[in-house]
Amino acid sequence: MTETTQMRTAPSGDGERSPEFRLAMDVLSGLRQDLFHDAFAYRPLPLVATDGRLTRRLSGRRRSYATRLPHAVVAALAMIAMFGGSAGGAMDGPVALLSGLVCAAPVLATLVRPVGAFWMSMAATPLVALLDGSLGEWPWQPGVFICHLTVLVVVAIRTRPRTAAWMWALTAAYSLFAETVIGDGEYNTSAPMLLLSALALLMVAVRHVRREARQEVTAQRTVTAHERSRRTLLEERTTIARELHDVVAHHMSVVAIQAEAAPYRVENPPEELERAFATIRENAVAALTELRRVLGVVRAEGYEAPDAPQPTLADLDALLDNVRDAGLSVEKAVTGAVRELPPGVELSAYRIVQEALSNSLRHAPGATARVEVSYVLGGLGLRIVNGSMPQPSLVKPSPGAGHGITGMRERVSMLDGEMTVGPTDDGGYEVAVFLPFTARTEGEA
């Protein structure tokens, strides 16, 4: 009983208002926001972008003039409205000029105060009728007809579709009031105004919707391309981490096995030597376990470690033979003293050459390629260059997903190396890489 009484007598808040009331409040809030709040705020019409579809075809001074084309169009429409306002009715002399200026002022105001220009245009209709002495033809005489229609279109272009809808609704209410209350019913100028303005505002609204949809699609494509790039980067890093895991795991396993077998290769080894090798083996096994625990998370589901060690530069000849079998004529040149490199450098160098040759096969079928391997002091240099695709060619290029360059850059960045890619003067493409490393001395070995 008490709860029921309390519920009946409790004051109703905004959340308990009827849906119709909330809808009406939202409508009035939208009207106030669009046409009354800061109606005469200063918002100058911006210049046309110089890289637009039309302006970028022009050059020099013509392009600078084209940036003010909308301002010139509005000024021309203001002149037409001024001519219509001064030529209509029985006005002449200063009164006709004043009537023309009243019609032109709202059109010019759209350049700096668009919403305020709408209210100026509404106020201009009775003022022109008073100057002309023809209230019976109010509200849409020729001058104000041109003026108001122009203002509606320009303001709709500069604002949003909801503002255009409010302006048309107020124009319709204004016309109905003028013709039923003040007009004599002999002239009906409201129907042409409402019909033409509705069609014009509808076209402007469709233009707004198309532009917003195009911007949304462009933004979505940008986000999609960014996400695709990030995903490609993560996939390539995962691949590199898996390969390095396999390389390091293989060598750590070799260290553990050699440390366990080393004491048995010496007759009556000292206890200190046995303990040292046992410590080495324990550390190697512990490091291997920790490595598998930390880096094993990057393995994809169902990934199986290769049975053989990861490829090195010693396997480069086999790679080149496979590429030649695929139709790419490639030659190899090696300079410097060939020596064993760190496993990570060997693997990355092999993968970079492999990816560069794959790109040559995809993008320049039928071309020739050259692989240069340079063993220099403090690093390894790689240069893979292919010539231009022969013309005509029976085999068409087959562009890939664009992951190859990203993967090569990741490998080079991982080793603090340097990489440059780009077209050559003869129409081919070149990949140049330097992978630094510190050579081990005999004492360190």
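## Overview

Of the 445 residues in this chain, 34% count as buried. Please keep in mind as you look around that this is a predicted model. The chain holds 13 helices and five strands. If we take contacts between residues at least 6 apart in sequence, 71% of them join residues at least 24 apart.

Let's start with helix α4 (residues 69–87) and helix α7 (residues 142–158), whose axes come within 6 Å and cross at roughly 155°. Angles over 145 degrees count as roughly antiparallel, so α4 is roughly antiparallel to α7. The crossing of α4 past α7 is left-handed. On the α4 side, the contact is made by V74, L77, I80, A81, G84 and G85. On the α7 side, P142, G143, I146, C147, T150 and V154 take part. Sorted by class, this contact of α4 with α7 has eight nonpolar and four polar residues, and no charged ones.

Helix α5 (residues 94–109) and helix α6 (residues 114–132) form another pair to look at, with axes that come within 7 Å and cross at roughly 165°. That angle makes α5 roughly antiparallel to α6. Here too the crossing is described as left-handed, with α5 passing α6. From α5, the residues in the contact are V95, L98, S99, V102, C103, A105, P106 and A109. From α6, they are P114, A117, M120, S121, A124, L127, V128 and L131. The contact of α5 with α6 divides into 14 nonpolar residues, two polar and no charged.

Is W140 buried or exposed? With 3% relative accessibility, W140 counts as buried, because the cut-off for buried is under 20%. Leaving aside residues up to four places away in sequence, W140 touches T125, F145, H148, T171, Y174, S175, T189, S190 and M193. One of these, S190, is 50 residues from W140 along the chain, yet their C-alpha atoms are separated by 6.8 Å.

F36 is found in helix α2 (residues 19–36). Its relative accessible area is 49%, so F36 is partly exposed. Not counting residues up to four places away in sequence, F36 touches L31 and W119. The C-alpha atoms of F36 and V115 are 8.4 Å apart, although these residues lie 79 positions from each other along the chain.

## The five-stranded sheet

Five strands make an open sheet with mixed pairing, in the order β1-β2-β3-β5-β4. Which strands sit at the edges? They are β1 (329–335) and β4 (418–423), each of which pairs on one side only. From one strand to the next, the twist averages 10°.

Strands of a sheet pair through backbone hydrogen bonds, and the pairing can be parallel or antiparallel. In this sheet, β1 and β2 run parallel and are joined by seven bridges. Look for E331, which stands opposite R370 in β2. Strand β3 (residues 379–386) and strand β5 (residues 429–436) pair in the antiparallel sense, over eight bridges. There, L382 stands opposite V433 in β5.

## Helices across the sheet

Helix α12 (residues 343–363) lies across β1, β2 (368–376), β3 and β5, running at about 10° to β3. Helix α13 (residues 404–414) lies across β4 and β5, at about 155° to β4. In a regular strand, side chains alternate between the two faces of the sheet. The residues of β2 can be sorted by face: A369, V371, V373 and Y375 are on the covered one. On the uncovered face of β2 you will find T368, R370, E372, S374 and V376.

Helix α12 also meets helix α11 (residues 316–325): their axes come within 11 Å and cross at roughly 10°. That makes α11 roughly parallel to α12. L316, L319, L320 and V323 of α11 make the contact with Y350, V353, Q354, L357 and L361 of α12. In the contact of α11 with α12, eight residues are nonpolar, one is polar and none is charged.

Terms used:
Residues are numbered from 1 along each chain as its sequence is written. This is a predicted model: local features need pLDDT of at least 70, side-chain atom pairs count only at pLDDT 80 or more; totals for chains, interfaces and linings use all residues. Side-chain values use heavy atoms; hydrogens and water are left out. Axes are lines fitted to C-alpha atoms, for helices over the stretch in contact, and angles run from 0 to 180 degrees between N-to-C directions. Helices (H or I, at least four residues) and strands (E, at least two) are DSSP runs, numbered from the N terminus. Angles under 35 degrees count as roughly parallel, over 145 as roughly antiparallel, 65 to 115 as roughly perpendicular and the rest as oblique. A crossing is left-handed if the near helix is turned anticlockwise from the far one by less than a right angle, and right-handed if clockwise. Contact means heavy atoms within 4.5 Å. Ala, Val, Leu, Ile, Met, Phe, Trp, Tyr, Cys and Pro count as nonpolar, Asp, Glu, Lys and Arg as charged, and the others, Gly among them, as polar. Two strands pair if DSSP finds at least two bridges between them. Buried means under 20% relative accessible area, exposed over 50%, partly exposed in between (1.4 Å probe, protein chains only).
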